[in-house]
Amino acid sequence: MSKYVITYDVGTTGIKTCLIEIDTQMRILGSATMGYSLYVDEDTGSKGGAEQHADEWWEAMCVTTKEVFEKVPYVQKEQIDGISFCSQMQGLVLVDENGNCVRHPMSYMDQRARDELKYGIAHGVQVAGAEVSKLLKYLKYTGAVSSSVKDPIWKYKWVEAHEPKNYKKIYKWLDVKEYLICRASGEFVMTEDSAFATLLYDTRPGHEGWCKPICDMVGVDIKHLPKIKKCTEKVGEVTEAAAQELGLAPGTAVFGGGGDASLIPVGAGAVAVNDTHIYSGTSGWVGTVVDKQEVDAGAMMAAIVGADPGKFNYFGELETSNKCVEWVKNHLALDDIGVYLKGKNVSDSIENLNINLYDYMEEVIDTVPAGSNGTVFTPWLHGNRCPFEDPNAAGMFFNIKIETGKTELIRAVVEGICFHMRWMLERQEKKIKTSEAIRFCGGGALGAVTCQILSDVLQRKIEVVDSPQNVGAVGAAACIAVGLGMIPSLEHVKELIPAKYTYTPNKENKAVYDRNFTVFQNLYKANKKNFAILNG
């Protein structure tokens, strides 16, 4: 018998709520989206600050829940068998005992805690950005090390150092979806993958849970950490008060769900050991399923705890992936009214044009030869984490000439994102085996030209599922399906999610992309000091 569920894909810039029917396949019956703000620097009062407002998340969740019922009127709220989440990760949401935020949540993008990182772990004799004895202790217990300024530990320590009154109010430390779970159900919990993302989680077999030795080493009060639950576990029920705001029935089951890095591969069908997927949304990454922990501290790569017990996602992240395409849309394509109008009369209003700007950009860049006539772009618009950690790194166009046009610049942005994915993929292969066919997902996978560029840059087969921008929601629904006993495990999801499109590499483009990729890698080495001078 089919089940109806609602899932919330909680991103950096907005939420997408889906009403999904689970039967022999997963079918999205209706969806609704609502945006919210990311507050940076001047809004937070700190250089490197990046915050969000929890009430904006909740409002978006409430509004979109009601909208999906309006779009699917034949499904009533009493028919919903459960809700679940796929969410941005490594946020810091500090709440009091009533579940109220003691300060605005700090985003995974927040990088103000440089001093806390320096004094907490990046001091003395270092290897891969961490003091040697602390690095070894970390690897013993967690299989990863908190050596990035964006890791939530250092945000927590920043609050302790700079906002002692707020620190004293802390009852529990939650991540983004855990806050929404708490507001919906009143339960203070954290799923295993979110717990691991704090870098305070003991991954040793038989010892899984919060790691007191690591907490003591970095100065985290273990009483601030909530109960740990499985991603597929029912963790509570929607309260009367939350039900009224959400438009759901009181008592509706709430499932743990998972972080985006955990559930996006599930929704993309990359669930078997050695399955590789690439995600391009606001941020982006390369992830491969492995059955044991691996770590490459020098490249900021580690096998993170996945949603499927006993499996890990060997993971490397790019902070601004398709965000770069949004940037080029706003600042290169949209600014030039002549480009946007595509030969139409200037008097025509933009609102009346029956053309999608992203689609038009795809059409335009397909007229430019592979390699963008030698123009190279670096997609580091908010620093970079992997395969090098540098909050000072920034985007650049390199090798612009008098004949270089806007179309070359736009294509170079897409190629630059793909070059960075290749860099992370090749670094992964130093430790693990990746799959020959790669599942590509996220908003970046909607464009056929982009998919072909990725295939050519990687010289790999690229597979894309139906609605690649919604794979997080499908992954969250899969957690409910397992929790309800509809499928035995998350690995069985692969049978329900076949590839819809396949792209094979053009061998003729290999040489030019190999050439530009070499330049791409050299650009960071050549400009590391320049980035520090300008942005340090």
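A charge is said to sit over a ring if NZ of Lys or CZ of Arg is within 6 Å of the ring centre and within 35 degrees of the ring normal. The structure is a predicted model, in which local features need pLDDT of at least 70 and side-chain atom pairs count only at pLDDT 80 or more, whereas totals for chains, interfaces and linings use all residues. Residues are numbered from 1 along each chain as its sequence is written, and side-chain values use heavy atoms, with hydrogens and water left out.

**View 1. Charged ends over the rings of Y171 and W158.** The charged end of K172 sits over the ring of Y171, at 5.1 Å from the ring centre. For R112, the charged end sits over the ring of W158, 4.6 Å from its centre.

**View 2. The stacked aromatic pair of Y156 and W173.** Rings of Phe, Tyr and Trp (its six-membered ring) pair if their centres lie within 6.5 Å, and planes under 30 degrees apart count as stacked, over 60 as edge-to-face and the rest as tilted. By this rule the count comes to 20 aromatic pairs. In the stacked pair of Y156 and W173, the centres are 5.0 Å apart with 20° between the planes. Y156 belongs to helix α4 (residues 152-162) and W173 to strand β10 (residues 172-174), so the pair ties together parts that are 17 residues apart in sequence; helices (H or I, at least four residues) and strands (E, at least two) are DSSP runs, numbered from the N terminus. Both Y156 and W173 are buried, that is, under 20% relative accessible area, with exposed meaning over 50% and partly exposed in between (1.4 Å probe, protein chains only).

**View 3. The tilted aromatic pair of W380 and F520.** The rings of W380 and F520 lie 5.7 Å centre to centre, with 55° between the planes. W380 is in the loop between β23 (376-378) and β24 (396-398), and F520 is in helix α17 (residues 510-535), so this pair ties together parts that are 140 residues apart in sequence. W380 and F520 are both buried, and they take part in one aromatic cluster whose members include F388, F419 and W423.

**View 4. A184 in helix α6.** A184, placed in helix α6 (residues 176-185), counts as buried because its relative accessibility is 0%. Leaving aside residues up to four places away in sequence, A184 touches W58, E237, V238, T239, A242 and L246, where contact means heavy atoms within 4.5 Å.
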